[in-house]
Amino acid sequence: NPPPVYPRIAVLRNIQGRVLLSVDVSERGAPIEIKIERSSGHSILDQAAMEAVRRWKFSPAHLWRMAIRSQVKIPIHFKIIEKR
């Protein structure tokens, strides 16, 4: 799954943070519902994290060899790496 795109405006303003998402995953591995469990404190980063995870594909959970709906927590870190 591709990482979130770091919003350019956030990079220019040196905005960094960590978002914790709670994701309901379908029996087929698709994200059904995505909620912000803990905000980064910056809505631009929160939204970028949610947009990325909305396009992700998950391995579904199984119970007795049957795929079931599940929930996962996903931390997304936005950190600007200085180029040397």
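Q: Where does Y6 lie relative to α1?

A: Y6 sits in the segment before α1 (8-12). Helices (H or I, at least four residues) and strands (E, at least two) are DSSP runs, numbered from the N terminus. One caution: this is a predicted model, where local features need pLDDT of at least 70, side-chain atom pairs count only at pLDDT 80 or more, and totals for chains, interfaces and linings use all residues. Residues are numbered from 1 along each chain as its sequence is written, and side-chain values use heavy atoms, with hydrogens and water left out.

Q: Which residues does Y6 touch, not counting those up to four places away in sequence?

A: A contact means heavy atoms within 4.5 Å. For Y6, leaving aside residues up to four places away in sequence, the list is V11, I15, Q16, L45, F78, K79 and I80.

Q: How many helices and strands does the protein have, and in what order do they run?

A: There are two helices and five strands. Starting at the N terminus, you read α-β-β-α-β-β-β.

Q: Which strands form the open sheet, and in what order?

A: Two strands pair if DSSP finds at least two bridges between them. Here three strands make an open sheet, ordered β2-β1-β5, with antiparallel pairing. β2 (31-38) and β5 (70-78) are at the edges with a single partner strand each, so one side of each has no neighbour in the sheet. On average, neighbouring strands of this sheet are turned by 25° against each other, direction ignored.

Q: How many bridges join β1 to β5?

A: Nine bridges link β1 (residues 17-25) with β5, and the two run antiparallel. To find your place, look at L21, which stands opposite I74 in β5.

Q: Where does helix α2 lie?

A: Axes are lines fitted to C-alpha atoms, for helices over the stretch in contact, and angles run from 0 to 180 degrees between N-to-C directions. Helix α2 (residues 43-54) lies across β1, β2 and β5, at about 35° to β1.

Q: What share of the residues counts as buried?

A: Buried means under 20% relative accessible area, exposed over 50%, and partly exposed in between (1.4 Å probe, protein chains only). Of the 84 residues here, 36% are buried.

Q: What share of the contacts joins residues at least 24 apart?

A: Take the contacts between residues at least 6 apart in sequence: 66% of them join residues at least 24 apart.
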